[in-house]
Amino acid sequence: MNLLKTLVDHPLSERVVVVLIVLNAITLGLETSSTVMEDYGRLLHMLDTIFLWIFVAELAARFAVRRGAFFRDPWNVFDAIVVGIALLPATGALSVLRSLRVLRLLRLVTAIPSLKRVVSGLIGAIPGMGSIILLTALVYYIYAVMGTKLFGATSPEQFGSLGATTYTLFQIMTFDDWSGGIAKPLLEKHGYAMVYIVTFILLSAFMMLNLFIGVVVSALDDEKTAADPRTLLHDPREMARVAEELRALRAEIAELRRERSGS
């Protein structure tokens, strides 16, 4: 068991897994070529099966070493799900699962620490996005109702219903043919439509999306700080907190000394 633990925790094992995942990605990509499959189809399928069972053996080894602690790590559960999908039968109604084998490449996230930190930061940003999503939905709804009432009669294809207006607003926000396909035809009928379009672009494309980016960047920065304690020394807020704790600790020590001297 000690030998197995040493093998699982050895840095070289992680590098080997990364190389195997990359090689598996190449073979899965080659399988999309009909020409390559005609000549090397059997070989590619055999290699894919070999890679799969290597990943299964690696997961089994990790489970044997960590036992109950294996499932307490969400990344281990993620690996088990990704590899487990590839073990499901891919025949008949479940043939669509064969295409999900490419999800095995997501194991690179857990095999490369820097990628793991990025994903952890993105997951950590989700709670902070809740209020921004609510505000974005509120802005969308207000502009969708306004657009349907203002332009629905003259532009029914783009603003005829609440759903159609919402889709049109999404085009405007992503700048998908918004000028020639939406703004100019609308301005020919309604000159004031420019105020409607410009204010929506400012609120959605610039303000809301930048808020999303800010939350994600902040979460990634927090994740980097948590991963490397040395970065705390360069954070003014953290330094101020540490200084405050030191002052409180000194005050407690002084109080204890006074009590001892008084007794």
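Colleague: Which does A61 count as, buried or exposed?

Modeller: Residues are numbered from 1 along each chain as its sequence is written, and side-chain values use heavy atoms, with hydrogens and water left out. A61 lies in helix α3; helices (H or I, at least four residues) and strands (E, at least two) are DSSP runs, numbered from the N terminus. Buried means under 20% relative accessible area, exposed over 50% and partly exposed in between (1.4 Å probe, protein chains only), and because its relative accessibility is 16%, A61 counts as buried.

Colleague: Which residues does A61 touch, not counting residues up to four places away in sequence?

Modeller: A61 and K5 are 56 residues apart in sequence, yet their C-alpha atoms are 8.2 Å apart in space. Contact means heavy atoms within 4.5 Å. Leaving out residues up to four places away in sequence, the residues that A61 touches are L4 and V8.

Colleague: With which residues is R62 in contact, leaving aside neighbours within four places in sequence?

Modeller: R62 is found in helix α3, which covers residues 34–66. With a relative accessible area of 10%, R62 is buried. Leaving aside neighbours within four places in sequence, R62 has as its contacts V8, R67, F70, N76, D79 and R107.

Colleague: How many nonpolar, polar and charged residues does the contact of α3 with α4 have?

Modeller: Helix α4 spans residues 74–87, and its axis is 10 Å from that of α3, at a packing angle of about 145°; axes are lines fitted to C-alpha atoms, for helices over the stretch in contact, and angles run from 0 to 180 degrees between N-to-C directions. The contact is made by L52, W53, F55, V56, L59, R62 and R66 of α3 with N76, D79, A80, V83, A86 and L87 of α4. Ala, Val, Leu, Ile, Met, Phe, Trp, Tyr, Cys and Pro count as nonpolar, Asp, Glu, Lys and Arg as charged, and the others, Gly among them, as polar. By class, the contact of α3 with α4 has nine nonpolar, one polar and three charged residues.

Colleague: Which residues does F71 touch, not counting residues up to four places away in sequence?

Modeller: F71 is found in the loop between α3 and α4. Its relative accessible area is 51%, and F71 is therefore exposed. Apart from residues up to four places away in sequence, F71 touches F63 and V77.

Colleague: At roughly what angle do α6 and α8 cross?

Modeller: Residues Y140, Y141, Y143, A144, V145, G147 and T148 in α6 meet L162, T165, T166, L169, F170 and M173 in α8. By class, this contact of α6 with α8 has nine nonpolar, four polar and no charged residues. The axes of helix α6 (residues 113–151) and α8 come within 9 Å, and they cross at roughly 115°.

Colleague: What is the relative accessibility of Y196?

Modeller: Y196 lies in helix α10, residues 193–227. Not counting residues up to four places away in sequence, Y196 touches Y143, A144, M146, G147, F151, F159, T165 and L169. Y196 counts as buried because its relative accessibility is 5%.

Colleague: Near what value is the phi of D177?

Modeller: F175 is found in the loop between α8 and α9 (178–189), and its phi is near 60°, a positive value in a residue other than glycine. With a relative accessible area of 39%, F175 is partly exposed. D177 has its place in the loop between α8 and α9, and its phi, again a positive value in a residue other than glycine, is near 55°.

Colleague: Which element of the chain has the highest mean pLDDT?

Modeller: The chain has eleven helices and zero strands. Its mean pLDDT is 81, and 87% of its residues reach 70 or more. Where pLDDT is low, the predicted coordinates should not be read in detail. Among the elements of the chain, the lowest mean pLDDT (73) belongs to helix α5 (residues 107–111), and the highest (92) to helix α8.

Colleague: What percentage of the residues in the chain is buried?

Modeller: Among contacts in the chain between residues at least 6 apart in sequence, 63% join residues at least 24 apart. Of the 263 residues in the chain, the buried ones make up 29%.

Key. Predicted model: local features only at pLDDT ≥ 70, side-chain atom pairs only at ≥ 80, totals over all residues. pLDDT = per-residue confidence, 0-100.
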